[in-house]
Amino acid sequence: MTQVKDVERLLFDWAPAELAADWDNVGLLVGDPDREVRKILTTLDITEPVVEEAIHLGADLIVSHHPVMNCTWHPVQSIRCDTRQGRILTKLAENRISAICMHTNLDAAEGGVNDMLAKKLGLLDIKDLTDGKIGRVGTLKYEFPLVEFTRFVVKSLGCNGLRYTDCGKSVHRVAVGGGACGDYIAQAIALGCDTFVTSDLRYHDFLDTKELNLIDAGHFPTEQVVVPELCRRLQAAFPAVSVSTSTSHQTEVIQYCI
């Protein structure tokens, strides 16, 4: 019999808790560690539609990348059904659905978010971008004109669009950072990169960076790449458990117009 705590242990073996940022909240955040698990739903975020999907599926556990609660941007002070987070937590509890979240530890882990992002974009000779193992750096097999590379990023990651600046260099040595990694622009420059693919870049990141091309490919597209790997690893480790990927949360919410 597979229990929630068995799944958590496997995930921490892959992405140890000590790799998580000190402000982060990872591991089993909702539910009973001793509860039996027959069905697992994997997703980037635990949204209301994802919870409804889990209920309809009969899932015992949701495994997500983003924490459902208690992070610096949204601390839980109450659980009320007239708030989005309150409804999510209430429905999870009422339906006895556990939630395990692997966040910045999965960003840093070998085979985690950033390795999957680098692989998706065809990088070779991959190395860490930072000492904390956030982000990766690698080279492309061929040198690309920037506009051609941006189209490749859109196609590879399924972006609805992207933002970028052109520093006048073609694309060959690339840094990637799943999610919001604008704080690591200096590291990408120091490692000789001509291009940095990440998300949630600020106006002044674009305005002030002259040494490399910046590509903001979106938070969802740069991190969703890990969900299929999450599903694959869980299914391989627990063959008697049904593991699936959310169908209600497959595309980024941000739309673009020209």
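This report describes the sheets, cores and ring contacts of one protein model.

The model is predicted: local features need pLDDT of at least 70, side-chain atom pairs count only at pLDDT 80 or more, and totals for chains, interfaces and linings use all residues. Residues are numbered from 1 along each chain as its sequence is written, and side-chain values use heavy atoms, with hydrogens and water left out.

Helices (H or I, at least four residues) and strands (E, at least two) are DSSP runs, numbered from the N terminus. Two strands pair if DSSP finds at least two bridges between them. Axes are lines fitted to C-alpha atoms, for helices over the stretch in contact, and angles run from 0 to 180 degrees between N-to-C directions.

Contact means heavy atoms within 4.5 Å.

How do β1 and β4 run where 3 bridges join them? They run antiparallel, with β4 spanning residues 98-101. β3 and β4 run parallel, joined by 4 bridges.

Which way do the residues of β4 point? S98 and I100 point one way, A99 and C101 the other way, and all are buried. Buried means under 20% relative accessible area, exposed over 50%, and partly exposed in between (1.4 Å probe, protein chains only).

## The six-stranded sheet

A second topic is the open sheet of 6 strands, in the order β5-β6-β8-β9-β10-β7 with mixed pairing. β5 (124-128) and β7 (163-165) stand at its edges with a single partner strand each, so one side of each has no neighbour in the sheet. Neighbouring strands of this sheet are turned by 20 degrees against each other on average, direction ignored. β8 pairs with β9 (residues 195-199) in the parallel sense, over 4 bridges.

α5 lies across β5, β6 (136-144) and β8, running at about 140 degrees to β8. The helix is mostly covered: 6 of its 8 residues are buried. These are V113, N114, D115, M116, L117 and A118. Just after α5, G122 takes a positive phi of about 75 degrees.

| Residue | Opposite residue | Strand of the opposite residue |
|---|---|---|
| V30 | A99 | β4 |
| A175 | F196 | β9 |

## The nonpolar cores

In soluble globular proteins, nonpolar side chains tend to be buried together. A nonpolar core is a set of buried Ala, Val, Leu, Ile, Met, Phe, Trp, Tyr and Cys residues joined through side-chain atoms within 4.5 Å. The largest one here has 43 residues. V7, L11, I40, V63 and L234 have the most contacts inside this core. At least two of its residues come from each of α1 (4-14), β3 (61-64), α5 (113-120), α6 (146-157), β8 (171-180) and α10 (226-237). α10 gives the largest share, 5 residues.

What does I40 touch, leaving aside its neighbours within four places in sequence? Its contacts are V7, L61, V63, L234, V241, S242, V243 and S244. Apart from this core lies another, of 18 residues, among them L29, V51, V76 and I97.

## Rings

Rings of Phe, Tyr and Trp (its six-membered ring) pair if their centres lie within 6.5 Å; planes under 30 degrees apart count as stacked, over 60 as edge-to-face and the rest as tilted. There are 3 aromatic pairs by this rule. F144 and F149 form a tilted pair, at 6.3 Å centre to centre and 50 degrees between the planes. F149 has 0% relative accessibility, so this residue counts as buried. F144 and F152 form a stacked pair, at 6.2 Å and 15 degrees. F152 is partly exposed, with a relative accessible area of 29%. Ring pairs link F144, F149 and F152 into a cluster.

W14 has a charge over its ring: the charged end of R233 sits 4.2 Å from the ring centre. Such a charge counts if NZ of Lys or CZ of Arg is within 6 Å of the ring centre and within 35 degrees of the ring normal.
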